[in-house]
Amino acid sequence: MRFAIFIAGALSCILAVILAVIWVVEASDSSSSIAFTKTVEAKTAIPEQELRRAAEDGDPNAQFKLGSLLFHDLSRSTKNSAEAVKWLEMAAENGNTDAMIFLGRLSRTGVGILQNYSQASNWIQLAAEKGNPEGMLEMGRLCRDGVGVEKSLVMAYAWFNRAAAEHNLDAVNERDSIAKILTTEELKQAQQLSSELAKNHGKLGAVTVKNN
C-alpha cells in the first residue's frame, strides 16, 4: 500500500515537472516570436513606397534613404544601381551631405558605378566644406593617398584635425599617424591650416600648402 502511494506521488511530481517545462518552453517561444515580430516591424517601419513618395516630393533625406536602400538590396537585380545613383545624386544636389559621401565613396571604389577619382574628390570635398565630419575624414584620406587631389600630408593632417575636432574618433587615429611623420615645420603649418579651414568653413582661399 505504501509502495503504491509512493509511486503515485512520484508520478505526480514527474507530471508537474513536465507541465512546468512545457509552460516555460511555450513562454520562451512566445517571447521570441514577439521579439522577432518587433524586429521585423522596426525594419519595415518606413516602407519603400512611403520613402519613394517622399523622395518624389523632393525630400533630400528620403531621396538619400531610398537610394541607399536600393543600392544595398542584394535580392534584386543590379539594375537597381542606376536608380539608386539617380536618387543619391538628387539628394546630394539638394544638400544632403550623407549622399555626397556615399557617392564619393562609390566613385572612389568603382562599385556600382564607374571609378572616377575626380568625381570622388568633388563630392567628398563638398561634404567636408559643408561641415560633415565624415566628409572631412574622407577628404583627409584622399589628400593622404593622392586620390583625385594632389597628395599632401600637410593637407591630410589638416582635414583629419578638423574631423577630430568634430568628435570623429577615426580621424583622431588618422591624424596622429600623420603627425608622427611630419617635420616640426610641416606640423606647425598643418595646424595653422586646420584653423584656416575651420575659419573659412572648409574653403582654402589663398592659403598656401606645401606638398610632400
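**A phenylalanine cluster and the nonpolar core**

Phe 64, Phe 71 and Phe 102 are linked into a cluster by ring pairs. The model is a predicted one, and it holds two aromatic pairs. In one of them, the ring centres of Phe 64 and Phe 102 sit 6.3 Å apart with the planes at 75°, so this pair counts as edge-to-face. Phe 64 belongs to helix α3 (residues 60–72) and Phe 102 to helix α5, so the pair ties together parts 38 residues apart in sequence. Phe 71 and Phe 102 also pair edge-to-face, at 5.7 Å centre to centre and 80° between the planes. Here again helix α3, through Phe 71, meets helix α5, through Phe 102, so parts 31 residues apart in sequence are tied together. As for burial, the cut-off is under 20% relative accessible area. Phe 64 comes in at 18% and so is buried; Phe 102, at 14%, is buried, and so is Phe 71, at 15%.

Helix α5 (residues 97–109) also holds Thr 97. With 18% relative accessibility, Thr 97 counts as buried. The side chain of Thr 97 makes a polar contact of 2.9 Å with that of Asn 132. Setting aside neighbours within four places in sequence, Thr 97 touches Ala 127, Lys 130 and Asn 132.

Then there's the nonpolar core. The largest one has 46 residues, and Leu 88, Met 139, Trp 159 and Leu 182 have the most contacts inside it. Helix α8 (residues 153–165) supplies the largest share of this core, 10 residues. Not counting residues up to four places away in sequence, Met 139 is in contact with Ser 121, Ile 124, Gln 125, Ala 128, Val 149 and Trp 159.

Note on methods:
Residues numbered from 1 in each chain as written. Predicted model: local features only at pLDDT ≥ 70, side-chain atom pairs only at ≥ 80, totals over all residues. Heavy atoms only, no water. Core = buried A, V, L, I, M, F, W, Y, C linked by side-chain atoms within 4.5 Å. Buried < 20%, exposed > 50% of the residue type's maximum accessible area, 1.4 Å probe, protein only. Helix = DSSP H or I, 4+ residues; strand = E, 2+ residues; numbered from the N terminus. Contact = heavy atoms within 4.5 Å. Polar contact = N/O pair within 3.5 Å; in protein donor to acceptor, adjacent residues only side chain to side chain. Phe/Tyr/Trp six-rings, centres within 6.5 Å; stacked < 30°, edge-to-face > 60°.
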